[in-house]
Amino acid sequence: MKKIVLIGATGFVGSAILKEALQRGYRVKAVARHLEKITVENPNLEKISADVSSVETVKELCKGADAVISAYNPGWTNPDIYEDTLRVYPAILKGVKEAGVKRILIVGGAGSLYVSPGVRVMDTGVLPEEIIPGVKGLAEFYTDILKKEEDLDWVFFSPAGQFVDGGRTGSYRLGGDDLITDADGDSKISVEDYAKAMIDELESPQHHKERFTIGY
């Protein structure tokens, strides 16, 4: 049975990944700031409150794990979300490496996906101004830090433009760096289908040191 560490296990995405992983028999060490938000009970679940901005803490958390999934987010209402993203994610990467874990799967953002050559979603003006710092921080982490990471076998899994609570259908498309849209031009994925695809990638790796994306 695979042992995974899930960072950010109580958020919108993290909680869906936690549910999917447990249903598929994984042993999960769920890491979050507010453990009271984890309402699921499972013999394969260990809940830990920890500060993942500490390299040493991340190292200790990840020792003995087969893989790490990070749904870390400083919080969309956090005024320092841009700075915290670029401060904490490098610490997570370093801690994972020092723990000897080779595989990390990261919940990416849709903002850095391309809608046309050289034009990303975040460049189009369609995103609400209040989320731009968070989108920008995650995009810069991906382009300036993660893409240069040589030691870890990483993936950066970007969702579709609309991330909804819509049920697990198991019917979707995967892609690379371009936003996936349907026949009407909409870009959408349910958090449950995203979680399924994330655990599929954990179970049977198809991507290595690259980004991939999902959509209907």
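Is Pro 117 buried or exposed? Select it and look: this is a predicted model, and in it Pro 117 comes out exposed, with a relative accessible area of 82%. The cut-off for that label is over 50%. Pro 117 sits in the loop between strand E6 (114-116) and strand E7 (119-120).

**Stop two: Lys 97**

Now move to Lys 97, which lies in helix H3. Its relative accessibility is 33%, so Lys 97 counts as partly exposed. Show the side chains of Lys 97 and Glu 149, and you'll find a polar contact of 3.0 Å joining them. Setting aside neighbours within four places in sequence, Lys 97 is in contact with Glu 149, Asp 151 and Leu 152. Then pick Cys 62: Lys 97 and Cys 62 are 35 residues apart in sequence, but their C-alpha atoms are 9.1 Å apart in space.

**Stop three: Ser 70**

Next, select Ser 70 in strand E4 (residues 67-70). Ser 70 counts as buried because its relative accessibility is 0%, and the limit for buried is under 20%. What does its side chain pair with? A polar contact of 2.8 Å joins the side chains of Ser 70 and Tyr 89. To see who else is around, leave out neighbours within four places in sequence and show the contacts of Ser 70: Ile 7, Tyr 89, Ile 92, Leu 105, Ile 106 and Val 107.

**Stop four: the largest pocket**

Time to look at some empty space. Rolling a probe the size of a water molecule over the atoms shows where such space is left. The largest pocket holds about 1,100 Å³. To centre your view, select Val 13, Ala 71, Tyr 72, Asn 73 and Trp 76, which are the closest to the pocket's centre of the 48 residues that line it.

Now colour by element. Helix H1 (12-23), strand E2 (27-32), helix H3 (81-98) and helix H4 (132-145) each put at least two residues into this lining. Which of them gives the largest share? That would be H3, with 6 residues. Switch to colouring by class and the lining of the largest pocket shows 28 nonpolar, 15 polar and 5 charged residues.

**Stop five: helix H1**

Stay with H1 for a moment. Its 12 residues should span 16 Å at 1.5 Å a residue, and the end C-alpha atoms are 17 Å apart, which agrees. Select Val 13, Gly 14, Ala 16, Ile 17, Leu 18, Glu 20, Ala 21 and Leu 22 to see residues of H1 that are buried. Following H1 comes Gly 25, with a positive phi near 85°.

**Last stop: the second largest pocket**

H1 brings you to another opening. The second largest pocket has about 210 Å³ of space. Its lining is Phe 12, Ser 15, Ala 16, Lys 19, Glu 20, Gln 23, Asp 165, Arg 168, Val 191, Glu 192 and Ala 195.

Note on methods. Residues numbered from 1 in each chain as written. Predicted model: local features only at pLDDT ≥ 70, side-chain atom pairs only at ≥ 80, totals over all residues. Heavy atoms only, no water. 1 Å grid on protein atoms, 1.4 Å probe; cavity = no way out; pocket = protein on both sides within 12 Å on 5 of 7 lines; lining within 4 Å. Points joined across faces, edges and corners; volume = space filled by probe spheres on them. Helix = DSSP H or I, 4+ residues; strand = E, 2+ residues; numbered from the N terminus. Nonpolar A, V, L, I, M, F, W, Y, C, P; charged D, E, K, R; others polar. Expected span 1.5 Å × (residues − 1). Buried < 20%, exposed > 50% of the residue type's maximum accessible area, 1.4 Å probe, protein only. Contact = heavy atoms within 4.5 Å. Polar contact = N/O pair within 3.5 Å; in protein donor to acceptor, adjacent residues only side chain to side chain.
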